[in-house]
4 protein chains.
Amino acid sequence: MIQITIIQIDNYGPWTVTPNPRRESDLQALQSRLYSDLNLQFGAHKGLVFYTRFDNLMAITNGIDTETHKRIQDSIKNRYPFTVSMASGVAETPYEAQKIATAKIQNKGSAQDKYRTEILDIEELDNSIENTVTLAHVDINDITGTLTDLENAYDTYVSVNEVHLALIKELKKYNAMGFFIGGDNFMAPCNGMTEEDFLEMFENIKNSTGIDLKAGIGIGKTAEDASNMADIGLELIRDKKTATQVYTLNYEEYAVGNIVNQRTLGVNMDCK
Amino acid sequence: MIQITIIQIDNYGPWTVTPNPRRESDLQALQSRLYSDLNLQFGAHKGLVFYTRFDNLMAITNGIDTETHKRIQDSIKNRYPFTVSMASGVAETPYEAQKIATAKIQNKGSAQDKYRTEILDIEELDNSIENTVTLAHVDINDITGTLTDLENAYDTYVSVNEVHLALIKELKKYNAMGFFIGGDNFMAPCNGMTEEDFLEMFENIKNSTGIDLKAGIGIGKTAEDASNMADIGLELIRDKKTATQVYTLNYEEYAVGNIVNQRTLGVNMDCK
Amino acid sequence: MIQITIIQIDNYGPWTVTPNPRRESDLQALQSRLYSDLNLQFGAHKGLVFYTRFDNLMAITNGIDTETHKRIQDSIKNRYPFTVSMASGVAETPYEAQKIATAKIQNKGSAQDKYRTEILDIEELDNSIENTVTLAHVDINDITGTLTDLENAYDTYVSVNEVHLALIKELKKYNAMGFFIGGDNFMAPCNGMTEEDFLEMFENIKNSTGIDLKAGIGIGKTAEDASNMADIGLELIRDKKTATQVYTLNYEEYAVGNIVNQRTLGVNMDCK
Amino acid sequence: MIQITIIQIDNYGPWTVTPNPRRESDLQALQSRLYSDLNLQFGAHKGLVFYTRFDNLMAITNGIDTETHKRIQDSIKNRYPFTVSMASGVAETPYEAQKIATAKIQNKGSAQDKYRTEILDIEELDNSIENTVTLAHVDINDITGTLTDLENAYDTYVSVNEVHLALIKELKKYNAMGFFIGGDNFMAPCNGMTEEDFLEMFENIKNSTGIDLKAGIGIGKTAEDASNMADIGLELIRDKKTATQVYTLNYEEYAVGNIVNQRTLGVNMDCK
């Protein structure tokens, strides 16, 4: 089971043009700082936030309780010119979880209702063994050699966005989700998906865009544990230490087999 | 003529995994803070930055000289664990300008060359009358009523990304560019495009995605002046004060006709 | 028992002038951002950080374990152009605790030893009943009416600094510590001090500087709980609901007597 | 002539306790971020800001006009939960300049008047030759060897604050001002003071505190130019290339005599 939190700035659209449109560079600075802060604050509890649409963000929040959400919500109010609403859902798949979370916020009123502020409706997961996050770190094969150093910046950007759209639509078919995390990197909460699903999906994307993808998949109790495993899996693929372009690591097993793995795979686990 | 600056983090990819993959929430916080800072620092000189791929950013920098670029480059080195390279190009169209800028950086070495650091190659525009920025602020008609309050967050996000990709590809046909700026908003540096081009482009996007767009187009000496005009144009469309879904305002004429415009259009220009 | 953590930027002095002195506005931006981030990150775990000398900071960290310190230390390395060392001490009084913490860092090498990086030596407190933080929030009586609105800004600043120095020296006599937190406000970790000690200390400071002080004193399991209690105590004094200029609230008792207290004192506890 | 700007958060005190006291770690994060941002934004125009009391800050703003102040004021409103007022004064000495600036703000109402917001009253200096900033960078001789690595952190902090208070009071005698900038460093806007004044002042402070100080003094058209010169002067003293513990460099002459100076003094001026 995965826990997904929706974070929505309350009545943000109207604020940006009241009493007159606000300077765009300020709004970009403000929105990206909010995203930065939310990653530090959820990150302090091993969560991970995606910017999504900047005024509507999504976070993986397994292991993060209502009080912690409330404390982050207060902190935003204490430091920003607006407030945020938050709701979480838990489900077998990420897509289902966000659907539950969205419904909770929508039921309380419109995103542009000025009287609907600071909704907080957090469904928590308990600590039982099946409540893990499955998270894939996807990237493009050799983007530096094939795009960044070769094509102009806008064309590379268009290519990355083609992959992005193809990926987020493909992932939805599996009730998973995908988010851009910079460069040529994507993160996909994907509880329920198998390595075969990824290989098939990458085949489809290759066919439609001509671009090759690979993925480290991590499993862990929190977004951070899963993300760390996904990163190491991706490094193993980059170093050609895996049979296919998809490789899965489970934090629990990895921790147990740590010393053996280090010797075998040449990966140093002390980093995090 | 428009001046576009490419900003590239030097050798960033390798750094993120050295000696081991760094925590993802930290990287997201770091990248979005860089984007925030660049908007404050270029914004201090009426520029505007788009996050593009976070490790490769683009800015509209009409009116911003080499020394100012150098000072921002120094400031990043002084406060971040990495350095950035910057190059600008000037051309009749945004797409051509970024192409020139990209070539300058690529000619100095790979984005992942550890000895290629802090490239600075800025072509400046003089202050002559034809050197203006044309910038469109595009948004989706009533996204709150049709998507945000109705669909689940992920589906809305997919829809916005469908529009995004269609838009950035269509704009390229006109040698223009497009960037997501949060919510349902896009900004398009579009020197050389006409209102008719926009109406035709929106028709195409409507046909392929089913989604209606509108655009305020601003013209000004700097990104900020143009952006302010675009914002006001968009407000006029929202208030149904225009004949079509595209409306252009020129900063120079607007300033001259300020009082008349305020009376006629009910817009207060004192804000910025 | 109180737990105090010393945070020291590794080899910072030499870095600020290598290869040449760095721009001062950048250094101020960098240092204050570090302070800001540490407050968000320790604050996420109910700690509280004081800027002290900006390159050497102190935090109250009751309830914050080694792993959390390590995660914050990593996060600084991941986002800043330097690393930090951290050590904590626990003792009956704040002054003794910081002494232990300082010794741990000094024993590992000089602050300007370039090979001594990322020391981490955290002594944790268990959760037993006697391990509470006592924290006073001190301010100047009616500074707005007597100084800010009347004297010039520099003279007010000198006056506040006179009080600051008198206060931090007086507090040391009781093995307590004091820090400026903006405006006319000071925070003093003061385990072991009584209300009488404060009244006597304020009398001395009044005699030497002519300035009247008051203090809310809070007791709680964490810096945040104690701080909240201190704030409420100070509000009660401001509202003339207390007999003297010093008032103590204990989080544990307060929570128990919450409803009664709210009615009696007119304070709303729901805020935090 | 020097231009000093006072920046005051409007009605901040009441906001911090409305409807109830806000979390202290959030307030510290908020205040230090404001200080950080103001240094980036004034720094973008070669100004320099001191935190002073965090809710009342001072900046050296030679060369920064009303429009730029207004743009920074707007940017704060666009990104913070409060607004700021700003006023500047120009005078032969820093102390006189801030006095004029303070009076302008006080005349418009109390710092805690909720209807007095966003005062903007900027007196600008023209670009004539006599309008330079004189700025001293003062530090403690070998603080790492004598205090940081030897004494406990609190005792070092008390010592630095003793020096700080002595310094800011001594400077006032010369109509100069002093501010702590971290570590063992102070910056003193000091138009009108001579090297002899500094030597005499340091003698007094040595007698009262037992601590030795030194100072690089810089003269330039802007705070940044002066600050850079002060930094280089201080480096020359540290490297024992000067006759006394005070050394002055003038940006205009320095630039002219740059190559000679580099050879003579071994300083590389290319850095900034």
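In chain D of this predicted model, five strands form an open sheet in the order 7-8-6-9-10, and their pairing is mixed. Which strands stand at the edges of this sheet? They are strand 7 (179-182) and strand 10 (246-250) of chain D; each has a single partner strand, so one side of each is left without a neighbour in the sheet. On average, neighbouring strands of this sheet are turned by 25° against each other, direction ignored.

Look next at one pair inside this sheet. Strand 6 (residues 133-140) and strand 8 (residues 185-189) of chain D run antiparallel and are joined by five bridges. You can find D:Leu135 standing opposite D:Pro189, which belongs to strand 8 of chain D. Helix 7 (residues 195-209) of chain D lies across strand 6, strand 9 (213-220) and strand 10 of that chain. The angle between helix 7 and strand 9 of chain D is about 155°.

**Another sheet in chain D**

An open sheet of five strands with the order 2-3-1-4-5 is also present in chain D, again with mixed pairing. Its edge strands are strand 2 (48-50) and strand 5 (120-121) of chain D, each of which pairs on one side only. Strand 2 of chain D runs antiparallel to strand 3 (residues 56-60) of chain D, and three bridges join them. Here D:Phe50 is opposite D:Met58, a residue of strand 3 of chain D. Helix 2 (residues 24-43) of chain D lies across strand 1 (2-9), strand 2, strand 3 and strand 4 (84-91) of chain D. This helix runs at about 160° to strand 2 of chain D.

**How the chains are related**

Chain D can be superposed on chain C by a rotation of 180° with 0.0 Å of shift along the axis, giving an RMSD of 0.0 Å. That is the relation of a two-fold axis. In chain D, D:Ser32 has the C-alpha nearest this axis, 2.6 Å from it. Both copies use the same surface, as 100% of the contact residues of chain D recur in chain C.

Chain D can also be laid on chain A, by a turn of 180° and a shift of 0.0 Å along the axis, with an RMSD of 0.0 Å. Which residue of chain D comes closest to the rotation axis in this case? It is D:Pro81, whose C-alpha is at 2.0 Å.

**Buried residues and cores**

In soluble globular proteins, nonpolar side chains tend to be buried together. The largest nonpolar core of this model has 151 residues, and C:Tyr154, C:Phe198, D:Tyr154 and D:Phe198 touch the most other members. A second, separate core of 150 residues includes A:Ala87, A:Ile143, A:Ala153 and B:Ala87.

Beyond its neighbours within four places in sequence, C:Tyr154 has contacts in chain D, among them D:Met58, D:Tyr95, D:Ile168 and D:Phe179.

B:Ile217 sits in strand 9 (residues 213-220) of chain B. Is B:Ile217 buried or exposed? With a relative accessible area of 3%, B:Ile217 is buried. Apart from neighbours within four places in sequence, the contacts of B:Ile217 include B:Thr134, B:Leu135, B:Phe198 and B:Val246.

A:Glu24, in helix 2 (residues 24-43) of chain A, is buried as well, with a relative accessible area of 5%. The side chains of A:Glu24 and A:Gln28 are joined by a polar contact of 2.9 Å. Leaving aside neighbours within four places in sequence, A:Glu24 is in contact with residues of chain B, including B:Leu48, B:His137 and B:Asp231.

**Details of the backbone**

The table lists some backbone angles to look for in the loops.

| Residues | Feature | Angle |
|---|---|---|
| A:Thr18 and A:Pro19 | cis peptide bond | omega about -5° |
| D:Thr18 and D:Pro19 | cis peptide bond | omega about -5° |
| B:Asp142 | positive phi, not glycine | phi near 50° |
| D:Glu118 | positive phi, not glycine | phi near 50° |

A:Pro19 lies in the loop between helix 1 (12-16) and helix 2 of chain A, and D:Pro19 is in the loop between helix 1 (12-16) and helix 2 of chain D. B:Asp142 belongs to the loop between strand 6 (133-140) and helix 5 (143-148) of chain B. D:Glu118 is found between helix 4 (94-107) and strand 5 of chain D, in a loop. At 22% relative accessibility, D:Glu118 counts as partly exposed.

Terms used: Residues numbered from 1 in each chain as written. Chains lettered and ligands numbered in written order. Predicted model: local features only at pLDDT ≥ 70, side-chain atom pairs only at ≥ 80, totals over all residues. Heavy atoms only, no water. Core = buried A, V, L, I, M, F, W, Y, C linked by side-chain atoms within 4.5 Å. Buried < 20%, exposed > 50% of the residue type's maximum accessible area, 1.4 Å probe, protein only. Contact = heavy atoms within 4.5 Å. Helix = DSSP H or I, 4+ residues; strand = E, 2+ residues; numbered from the N terminus. Polar contact = N/O pair within 3.5 Å; in protein donor to acceptor, adjacent residues only side chain to side chain. Pairing = 2+ DSSP bridges. Axes fitted to C-alpha atoms, helices over the stretch in contact; angles between N-to-C directions. Least-squares fit on C-alpha atoms with pLDDT ≥ 70 in both.
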